[in-house]
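Biologist: Could you walk me through this one? I would like to start with the rings and then move on to other parts.

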Amino acid sequence: MFFIKCAAIFIGTFGYATIINIPKKHLFHTAFTAMAGYCVFLLMLPSEIIGCFLGACVIAALGEIFSRTLKDAATLFIIPGIIPLVPGAKLYNMTLSLIRQDFNEAATLGVQVLMYAGGIAIAILLVSSTVRSVTGYASKLKKNKRKGSLQR
């Protein structure tokens, strides 16, 4: 069942990426990014929120890696990759609970949706910030090393 879900995520993300006009040369990488993140989510399933956070970390990291290797924007890989992790069913059920005036259920689901969304946002922020800091530091070291070799 695990492999069927992962394959379905790959195919679904491939189709979604095609619809939103991701360049053809990046479709496989985009679908792979989503599949890898969702597989991490599935492996952490007893704890959905931690799984969502870790899956988003994997998606953001792969998006950054593919953006560097394929020389294109990381958002081409991250945005379609995040779509399978978005808690759409919980959001729908929260809205339905509000319409039915079941405010306790709506509040419970609303907190869960916010935790999912917050986990995704924080994961992308942490990975992107870390990559930017490390690459900035590495470029400064490389620049200083070149300066030192030119002065000799």
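**Aromatic cluster and beyond**

Modeller: One aromatic cluster is formed by F10, F14, F28, F32, F66 and F77, where rings of Phe, Tyr and Trp (its six-membered ring) pair if their centres lie within 6.5 Å. This is a predicted model, in which local features need pLDDT of at least 70 and side-chain atom pairs count only at pLDDT 80 or more, while totals for chains, interfaces and linings use all residues. Residues are numbered from 1 along each chain as its sequence is written, and side-chain values use heavy atoms, with hydrogens and water left out.

Biologist: How many aromatic pairs does the structure hold?

Modeller: The structure holds seven aromatic pairs. In one of them, F10 with F14, the ring centres are 6.4 Å apart and the planes stand at 25°, so the pair is stacked; planes under 30 degrees apart count as stacked, over 60 as edge-to-face and the rest as tilted.

Biologist: And where do F10 and F14 lie?

Modeller: Both lie in helix α1, four residues apart, about one turn of the helix; helices here are DSSP runs (H or I, at least four residues), numbered from the N terminus.

Biologist: Why is the pair of F66 and F77 called tilted?

Modeller: The ring centres of F66 and F77 are 5.7 Å apart with planes at 55°, so the pair is tilted. It links distant parts of the chain, with F66 in helix α3 and F77 in helix α4 (residues 75–82), eleven residues apart.

Biologist: Are F66 and F77 buried or exposed?

Modeller: Both F66 and F77 are buried, where buried means under 20% relative accessible area, exposed over 50% and partly exposed in between (1.4 Å probe, protein chains only).

Biologist: Switching to S128, where is its place?

Modeller: S128 is in helix α6, which covers residues 103–151, and at 17% relative accessibility S128 counts as buried.

Biologist: Which side chain does S128 have a polar contact with?

Modeller: The side chains of S128 and E64 are joined by a polar contact of 3.3 Å. Such a contact is a pair of N or O atoms within 3.5 Å; within protein, one must be able to donate a hydrogen and the other to accept it, and residues adjacent in sequence count only if both atoms are side-chain atoms.

Biologist: Last one, what is the span of helix α5?

Modeller: Helix α5 (residues 88–99) has twelve residues and reaches 17 Å from its first C-alpha to its last, close to the expected 16 Å, a figure given by 1.5 Å times one less than the number of residues. After α5 comes Q101, which has a positive phi, near 60°.

Key
Helix = DSSP H or I, 4+ residues; strand = E, 2+ residues; numbered from the N terminus.
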